[in-house]
Amino acid sequence: MRTPKKLPEGIRLLKIKEWTNKHENFTQDLKKNASFKLTWPSSKKTNAEKYHATTKNFQWLIKYAIKNKIRLRAMGSGWSFSKVGVTEGGIVDTKSLRLAFGMKKDKVAQKYLDSGNSPKNLFLVQCGMSMLQLNKKMERGSLKRSLKASGASNGQTIVGAMSTGTHGSAFKVGAVQDFVVGLHIVTGPDRHVWIERKSYPVTNQAFADWIGAEVIRDDAIFNSALVSFGSFGFIHGVMIETEPIFLLEKFNLKFSYDDQLKSIMDTCDLTQMQKIIPSYIKSDINDLYHFQVIFNPHNMSGKKMYVGLMYKGPYDSDYVHENKMPEGFTYGDSLTGVIQTIIDAAGGVIRPLIPRLTTLFFGQAYKQVERKKGKFATVGDMFGATNTRGTLASMAVAVDAADCTKVLKLMLDFNKKCPFPGGLGVRYLKGTKATLGFTKFDLSCVIELDGLDCDIAREFYEDFYKILEKEKINFTLHWGKFNYMLNRGRVRKMYGGRRMNTWIRSRHALLDQDTREVFANEFIEKCGLHIGAIA
Amino acid sequence: MKPLVKTISLLVFLLFLFQSCGVTRVVAEYDCDTFDNNPEYEETSVNYWWGLQQARDIDPKCCDDCAINKFEVVKQFDHFFISFITLGIVIPTRVKWCCRPPDAEIENID
């Protein structure tokens, strides 16, 4: 493909032929002259002009892709462990697109206001905004707002996090996509749409006139587009719903894996939880916001289950934001890669040593310490920069919370025969409305298996998957983590033909055949979600 | 020491030697204006003759306010090895960086 002669202002060609994801699990080959970086067109003076000009630039990219028969996909931070967010064509770097707009009453749907909601809740945020910067904007200026949920760290972009279902453990709220209430998607060389739920409209005609897009109020299309991995077009902006700023109070407690804890892990029942919480924690159990359990599957005897609790409370105007960087030493960037190579080279011989090795590194990797005194922080400070580095693997399985300890037992039994080189985290989320959101259960329990990216870990993931299938467990996999075992049959089994059909039909409603091809990739083809794949 | 243990120890040592690298990272903020591992933001710079001939300064291609948020120097075994066998005549160093992302005030839609 020839180098494009003249690019519109705000588009720069990226001269890259391949790209490796953050966690170094794969390298994607790219076509020449197919990757671009988008910035705000500098000749445009106002933020609104910059936003509208960028919509046109997205349309230019689609036209270019159709003309040159290449696949394109917008890239967030590139944190996904799977190839869900990359194409065999090019990458569109959106990370400089970070405008944010507040809403005034005259642009907000009357129904939204009549329900007692304030326009101050709503912000239109451009796709490349990082969670870090978004939190800072919300919390540190005069706005004093909080995001309703977050991932465990803050390096993702808002659209990247939403599109793969990034989550924390806000069991009454849900994942990142669950506080998004409007989507601005560029769907063709001459088309862009504003989508929101018919059942929960947030904007009115004045807003539609401002954004200049075709308006679609449709629950099925909106819910499908929320978690769509970049395959529904370029998601230029999202409307997020925030709430007045609050503080989280964090405790980290140690418990035994006994019947009482197991029962709590299967229900998240607050009354039961209150019974095991030490009396020095005075916070009201009804304010519990976050509940998670982290442990080393090779060392569970005694009080070795780290239970993380976060209570939601009022903001304190004397609160000081944390800016401290950790001092001293940490493990090197290449350490996990070196250990992985040794384990792979040694093969089965090293398997008996895995439990000891994991125990040795568990503390360093998870940094779990008992915290009996509450630590107060805003959402942005609590879920800060990631401390992971180097090559890592992670698979996250979502099940109905009622199946949590049943699935953990299967995992732990298998772990005795075939030790997993890593630790486990169990997190809880309110079920998502996103059609293909992997936290689809009313109360979803996400079991995360994080470890070294070696053959033993990959074998474990695959075999554990087969065990879950054999035991007829209803489960799903995180789209942005290890999920290479997915195929059309398995996705259909997880979400059902009806949900798959709704998602595919929604995609067809937004994109014509040429544009669908631009936003396709091998991943969605493999999962039976591309053209003609109606289940 | 048994020969097998010796061989394994030697292999592990060599592996560490060839695979590992030393990284020094300066971070203003853990946020970049591009995706992670963008190959456009890394370069191997070579100095010659004990530093008497130096590579030209690198243009970081930071488009907005020309600020850098993160900078790292990566020293790999092959860098040490080349410097050693050439007695310092050739000194390669790999550098990676990322630019500070743009930051605009939130405005209300009018």
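Which strand of chain A is joined to S5(B), and how many bridges join the two? The strand is S7 of chain A, residues 100-102, which runs parallel to S5(B) and is joined to that strand by two bridges; strands are said to pair if DSSP finds at least two bridges between them. One of the residues concerned is A:Gly102, whose bridge partner in S5(B) is B:Asn108. Helices (H or I, at least four residues) and strands (E, at least two) are DSSP runs, numbered from the N terminus.

Before I go on, a word on conventions. This is a predicted model, in which local features need pLDDT of at least 70 and side-chain atom pairs count only at pLDDT 80 or more, while totals for chains, interfaces and linings use all residues. Residues are numbered from 1 along each chain as its sequence is written, chains are lettered from A and ligands numbered from 1 in the order in which they are written, and side-chain values use heavy atoms, with hydrogens and water left out.

Let me turn to the interface as a whole. On the side of chain B, 33 residues are in contact (heavy atoms within 4.5 Å) with 53 residues of chain A. The size of an interface is often given as the accessible area lost when the parts come together. Here chain B and chain A bury about 3600 Å² between them, with 55% of it on carbon and sulfur atoms; that buried area is the accessible area (1.4 Å probe) that two parts lose on being put together, summed over both. Within chain B, the residues that lose the most area to chain A are B:Phe35, B:Ile106 and B:Ile109, which together make up 22% of what that side buries.

As for charged pairs, the rule finds seven salt bridges across the interface of chain B and chain A, a salt bridge being a side-chain nitrogen of Lys or Arg within 4 Å of a carboxyl oxygen of Asp or Glu. In one of the salt bridges, the side chain of B:Asp103 meets that of A:Lys137 at 2.5 Å, N to O. Helix H1 (3-19), strand S1 (21-27) and strand S5 (107-108) of chain B each supply at least two residues of the side of chain B that touches chain A.

Because B:Glu72 lies in strand S3 (residues 68-76) and B:Arg25 in strand S1, the pair ties together parts of chain B that are 47 residues apart in sequence. B:Glu72 counts as buried at 8% relative accessibility, whereas B:Arg25 is partly exposed at 29%; buried means under 20% relative accessible area, exposed over 50%, and partly exposed in between (1.4 Å probe, protein chains only).

Finally, consider the loop between S22 and H14 of chain A. A:His478 lies in this loop, between strand S22 (475-477) and helix H14 (488-510), and counts as buried at 5% relative accessibility. Beyond its neighbours within four places in sequence, A:His478 is in contact with several residues, including A:Thr164, A:His167 and A:Phe438. A:Lys481 forms a salt bridge with A:Glu448, the closest N and O atoms being 3.9 Å apart. Since A:Lys481 lies in the loop between S22 and H14 and A:Glu448 in strand S21 (residues 443-451), this pair ties together parts of chain A that are 33 residues apart in sequence, and both residues are buried.
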